[in-house]
Amino acid sequence: MNVRAAAAQVVFQVVDQGQSLSAALPAAQQNIRERDHALLQEICYGVLRWLPRLESITTHLMDKPLKGKQRAFHHLILVGLYQLGHMRIPAHAAVAETVNATKDLKKTQLRGLINAILRNYQRQQEQLDAQSVSHDAGKYGHPSWLLKMLKASYPEQLEAIVTANNTKAPMWLRVNRQHHTRDEYRALLNDVGIETDLHPEAADALRLLSPCDVSKLPGFADGWSSVQDGAAQLAVDFLQPQAGELILDCCAAPGGKTAHIMERQPTAKVVAIDCDERRLTRVYENLARLKLDATVLCADARYPADWWHGEKFDRILLDAPCSATGVIRRHPDIKWLRRASDIEALAILQAEIFDAMWLQLKSGGTLVYATCSITPQENSEQVKAFLARTADATLINRGQEADSDMEHPGRQILPGESDMDGFYYAVLQKS
């Protein structure tokens with residue numbers, strides 16, 4: 001399939017049909033040449049990053065919007081505009097290939113319309129580009145509800161957050177210390193020409209200066225390293241698993257943190273649960289590559305009596321379901337799939353899981369509450385409310401930037417901090 005046609009279909013599936021990019025993109029890649037996979041990803045990510053700008057430009061170039069069965073061609077126009085405005089593809093090639101995509105989309109009669117719109121954009125590009133950033137949604141590439149939250153919660157960091165969200169995410173590695181120390185593996189990477197930076201806190205993390213295919217990483221197939229953002233790796237540094245402990249990884253898919261616990265403390269007995277059977281497939285795959293053995297259960301964390309009849313846990317990592325507003329740079333579709341109303345619903349779910357998991361923790365045990373979100377309602381406000389209703393819970397500060405102010409408990413990492421994703425952690429001990 002023509003790459004532009006595939007891109008238009010993916011954007012249509014995300015924006016109009018509410019599918020996730022992580023599901024739509026791999027499916028589309030099956031229909032194009034392997035050498036075009038990176039191009040398809042670049043176009044889809046770019047259109048979703050700058051959707052309000054592209055929509056604004058399209059509105060000015062069309063007399064009336066494309067509707068119904070023609071909606072895919074609306075998104076094809078966005079694909080063409082993104083190439084012309086943001087990529088280094090020669091303009092004539094971008095226009096020609098986008099127009100040719102009408103064949104694969106089964107509407108060659110729209111060739112003239114697509115061509116005219118893209119040519120008209122070229123003639124008016126400076127004026128249209130300026131107009132497209134005259135409103136906040138276009139300027140920042142974020143929906144209004146999210147910008148409102150960011151302005152209220154992080155007025156001084158707003159620009160930095162949206163800039164980080166609209167930037168390509170780096171590639172972080174987690175070094176498996178059962179095979180090498182971080183410094184030893186860094187030297188192996190250097191020997192094959194892969195340069196890295198150290199993480200200021202995460203003890204097993206390396207950031208690649210230039211992303212590469214995992215097949216080029218020494219010993220990747222043998223489990224010497226894994227791809228995982230630096231902020232996500234901090235979970236185990238906060239958890240501090242000890243030898244022989246019984247540890248629960250709650251909401252564990254895709255299994256990176258489960259594996260990290262076992263790499264850090266191989267004698268720990270780890271139970272990993274998730275309520276989505278399909279997502280658990282990734283947990284099994286990760287454990288198999290790393291040759292690790294955990295008890296994996298498809299289970300709803302709110303109802304532990306349905307799936308756990310053993311002793312209580314020494315430590316629990318509660319990586320709660322969340323809005324994922326901290327990982328937008330990796331998943332730009334989050335901006336268009338989430339709604340403001342989702343946050344309240346998620347906060348209610350998080351509180352239910354929080355209370356249920358606390359009852360499964362031993363006296364003297366540690367629970368780490370974590371999200372990949374940056375909304376206070378899911379993070380500091382969630383933990384503050386939990387502490388207020390839970391007499392035997394005590395907040396423990398760990399890490400260089402952990403807040404001591406009980407009005408804002410825990411550690412909030414914002415997108416781009418030390419080149420990490422946005423994450424939140426709070427460490428609690430049970431008396």
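Visitor: Is C372 buried or exposed in this model?
Guide: Let's start with the ground rules: this is a predicted model, where local features need pLDDT of at least 70, side-chain atom pairs count only at pLDDT 80 or more, and totals for chains, interfaces and linings use all residues. Residues are numbered from 1 along each chain as its sequence is written, and side-chain values use heavy atoms, with hydrogens and water left out. Buried means under 20% relative accessible area, exposed over 50%, and partly exposed in between (1.4 Å probe, protein chains only). Because C372 has 17% relative accessibility, its class is buried.

Visitor: Which residue does UniProt list for "active site"?
Guide: Positions from UniProt are given in the numbering used here, with shortened feature names, and annotations may be inferred rather than shown by experiment. The entry is unreviewed, and for "active site" it lists C372.

Visitor: Where is C372 found, and what is it in contact with?
Guide: Helices (H or I, at least four residues) and strands (E, at least two) are DSSP runs, numbered from the N terminus. C372 is in the loop between strand 9 (361-371) and helix 17 (380-389). Contact means heavy atoms within 4.5 Å. Leaving aside neighbours within four places in sequence, the contacts of C372 are C322, A324, T325, G326, V327, G422 and F423.

Visitor: Which residue in strand 3 stands opposite D197?
Guide: Strand 2 and strand 3 (residues 205-208) pair in the antiparallel sense over three bridges. Opposite D197 stands R207.

Visitor: What separates the centres of domain 1 and domain 2?
Guide: Domain bounds come from an automatic or database domain assignment. The protein chain is divided into domain 1 (3-139), domain 2 (171-227) and domain 3 (232-430). Taken over C-alpha atoms, the separation of the centres of domain 1 and domain 2 is 36 Å.

Key: Pairing = 2+ DSSP bridges.
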